[in-house]
Amino acid sequence: MAAAPLTATFYQTIFDLTGQTVLLTGGYGHLGRAIAAGLLAHGARVVVLGRSGEKFTAAFGESPENLHFIFCDVAETASVQAAFRQSFDQFGPPGVLINNAYYSRGQQPDALPDADFALGLDGSVGTAYRCLREVLPYLREAGGGKIINVASMYGVVAPDFGAYADAPQFLNPPHYGAGKAAMIQLTKYFASYLGPEHIQVNCVSPGAFPADKVRENAEFEGELRQRIPLGRVGEPQDLAGAFVFLSSKAADFVTGHNLVVDGGWTIR
């Protein structure tokens, strides 16, 4: 692929996503809304893939012109296939797939039933593999594209259990961290495998981005802040730029990378 000319216009539009269709799973959740908003602000068409049109409407209200919803259950291959086909028929080939959806069951670290552990692994990384596999024909037909997986700082480090001593209900269970570590490795694997086809695969690992309900526990949020060098927890908008960057021309020579957005938690 020929390099873009090094002109002022190139640098001025390096983050411009106009004309790009981005498929976003988990797009109406706590972090998904901010990811979608960042992409929309840079001109992308964002297709949110999820199971609830009602939640989509509640999250975004009167949708911007370039924001769309398509039903998709990422736990079911046939549903993923149907959603990708519908998006292609309506909007043409995607330029970017963001694997943000997640599901899990069970929390007690040393007492998880086999079925819960397996479900949590599938909800962390099986969903991403399923969507990656099914989007490849479209990206290959288009001659390239970008895949962005969402992992977690707990795919890099173990939880600091002291932070959860008085709030065990917020503890991330072992299948969460194991699945997110697998997500990082899945990213590296397919970055290497798909690189010759001009398909880039990268990963974003958020740190502590507690939802509003979690932040009602001021003591727990304080425990999190103490462990973050920047002295605060993440706000959803802190995450948006990472996805704009990895979706854009600015990241055309970036693949196999895990971009950690954690306020410095994992550097200690």
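**View 1. The buried residues of helix 4 are Ser79, Val80, Ala83, Phe84, Ser87 and Phe91.** Buried means under 20% relative accessible area and exposed over 50%, with partly exposed in between (1.4 Å probe, protein chains only). Seen down the helix axis, these residues fall within an arc of 130°, so they line one face of helix 4; the arc is that of the directions from the helix axis to the C-beta atoms. An α-helix has 3.6 residues a turn, so residues three or four places apart point the same way. On the other side of helix 4, Ala78 and Asp89 are exposed. The model is predicted: local features need pLDDT of at least 70, side-chain atom pairs count only at pLDDT 80 or more, and totals for chains, interfaces and linings use all residues. Residues are numbered from 1 along each chain as its sequence is written, and side-chain values use heavy atoms, without hydrogens and water.

**View 2. Helix 4 spans residues 77-91 and is followed by Gly92, whose phi is positive, near 85°.** Helices (H or I, at least four residues) and strands (E, at least two) are DSSP runs, numbered from the N terminus. The 15 residues of helix 4 reach 21 Å from first C-alpha to last, close to the expected 21 Å, which is 1.5 Å times one less than the number of residues.

**View 3. Seven strands form an open sheet with parallel pairing, in the order 3-2-1-4-5-6-7.** Strand 3 and strand 7 (258-261) are the edge strands, each pairing on one side only. Two strands pair if DSSP finds at least two bridges between them; five bridges join strand 1 to strand 2. Leu23 stands opposite Val47 in strand 2.
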